[in-house]
Amino acid sequence: MAGADGAMHDSEAHAMHDSEAHAMHDSEAHAMHEKFTTLTPELYAYLVEHNPRPDPVLRDLARETAALGEVSIMQVSVEQGAFLTLLGRIMGARRAVEVGTFTGYSAICMARGLTNDGRLLCCDVNEEWTAIARRYLARAGLADRVDLRLAPALETLRMLPRAEEFDLSFIDADKVNYRAYYEELLARTRPNGIILFDNVLWSGDVINPEDRSESTEAIRALNDFLRRDDRVDVVMLPISDGLTIARKR
Ligand SMILES: C[S@@+](CC[C@H](N)C(=O)[O-])C[C@H]1O[C@@H](n2cnc3c(N)ncnc32)[C@H](O)[C@@H]1O
């Protein structure tokens, strides 16, 4: 089917039946899917070492969050935090939203990526965790840039005028509501604005057929929906627990 140089000629491609074309497409896609590097703890340590070093505020926050025990796993990773800051700067983002603030690591990273007159709206329901976030946001000199609202995020988002124009949003809270957060945020995102979804690989459980939990099913449904949603351009990346980036068309 392929010419001597390995390229397929147009006429040959047209002569192929649809099923053959699909088969080829699938096998090509499969071959591409195999290009990835598995992270070992050592390789991951190398990766972290070659990312911006968290400053003392983020370092102390990570330490205090770790002392909370198992829940600390909810905090974004070092490279994810650096990515949030960098993305905001690349975009010149001024208006941003975070759904799921916890103790504030990602909020600090997002707020630092905004323009000097930027504003970050943070949504969470937990007073104890967000009290830590408030403390560290203040220490980072970001308190006046952040509006933290303690209420179910859907309520907070639905109360915002639909004319609101956000540049950047980060969704990292209860998984069952990801789709609903997306719809509320997309309606309030400017064209070319970005919505990020964390945990889209869900520790690998998205492909575990035995896991039929509500959260896992919600993430699967969202992942399936997003790749067909023609309102956005989407890329899913293996950053941390999986990060999807959606750009509003
Ligand atoms: C994965 S953590 C967020 C981690 C945070 N982005 C960070 O990097 O530190 C999820 C957060 O979502 C909050 N949350 C859960 N359900 C929520 C809801 N319905 N509305 C708003 N926040 C919610 C939890 O209280 C928790 O702090």
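## Overall architecture

The structure is a predicted model. Its chain contains ten helices and seven strands. Of the 249 residues, 33% count as buried. Among contacts between residues at least 6 apart in sequence, 68% join residues at least 24 apart.

## Surroundings of the ligand

The ligand is surrounded by 19 residues, of which Met74, Gly100, Phe102, Ser106 and Ala173 are the closest. By class, this shell comprises ten nonpolar, six polar and three charged residues.

Two elements, helix H6 (105-113) and strand E2 (119-124), each supply at least two residues of the shell. Ser106, one of the closest residues to the ligand, is also one of the buried residues of H6.

The buried residues are Tyr105, Ser106, Ala107, Ile108, Cys109, Met110, Ala111, Arg112 and Gly113.

Helix H5 (residues 78-91) packs against H6 through a set of residue contacts. The axes of the two helices come within 7 Å and cross at roughly 25°. Angles under 35 degrees count as roughly parallel, and H5 and H6 are therefore roughly parallel to each other. The crossing of H5 past H6 is right-handed. On the H5 side, the residues that meet H6 are Gly81, Leu84, Thr85, Leu86, Leu87, Gly88 and Arg89. Their counterparts in H6 are Tyr105, Ser106, Cys109, Met110, Arg112 and Gly113. The residues of this contact divide into six nonpolar, five polar and two charged.

Asn192 is found in strand E5 (residues 189-198). Although Asn192 is not a glycine, it has a positive phi of about 80°. Asn192 is exposed, with 11 other C-beta atoms within 10 Å.

Asn199 likewise is not a glycine and has a positive phi, of about 65°. Asn199 is placed in the loop between E5 and helix H10 (214-226). Is Asn199 buried or exposed? With 22 other C-beta atoms within 10 Å, Asn199 is buried, because a residue counts as buried if 20 or more such atoms lie within that distance.

## Strand E7: Ala246 and Lys248

Ala246 is placed in strand E7 (residues 243-248). Ala246 counts as buried, with 24 C-beta neighbours inside 10 Å. Leaving aside its neighbours within four places in sequence, Ala246 is in contact with Ile194, Ile195, Leu226, Val232 and Val234. Ala246 and Leu186 are 60 residues apart in sequence, while their C-alpha atoms are 9.5 Å apart in space.

Which residues does Lys248 touch, not counting residues up to four places away in sequence? They are Leu186, Thr189, Pro191, Asn192, Gly193, Arg231 and Val232.

Terms used: Residues numbered from 1 in each chain as written. Predicted model: local features only at pLDDT ≥ 70, side-chain atom pairs only at ≥ 80, totals over all residues. Near = placed C-beta within 6 Å. Helix = DSSP H or I, 4+ residues; strand = E, 2+ residues; numbered from the N terminus. Nonpolar A, V, L, I, M, F, W, Y, C, P; charged D, E, K, R; others polar. Axes fitted to C-alpha atoms, helices over the stretch in contact; angles between N-to-C directions. Parallel < 35°, antiparallel > 145°, perpendicular 65-115°, else oblique. Left-handed = near helix turned anticlockwise from the far one by under 90°. Contact = placed C-beta atoms within 7 Å. Buried ≥ 20, exposed ≤ 12 C-beta atoms within 10 Å, placed from the backbone.
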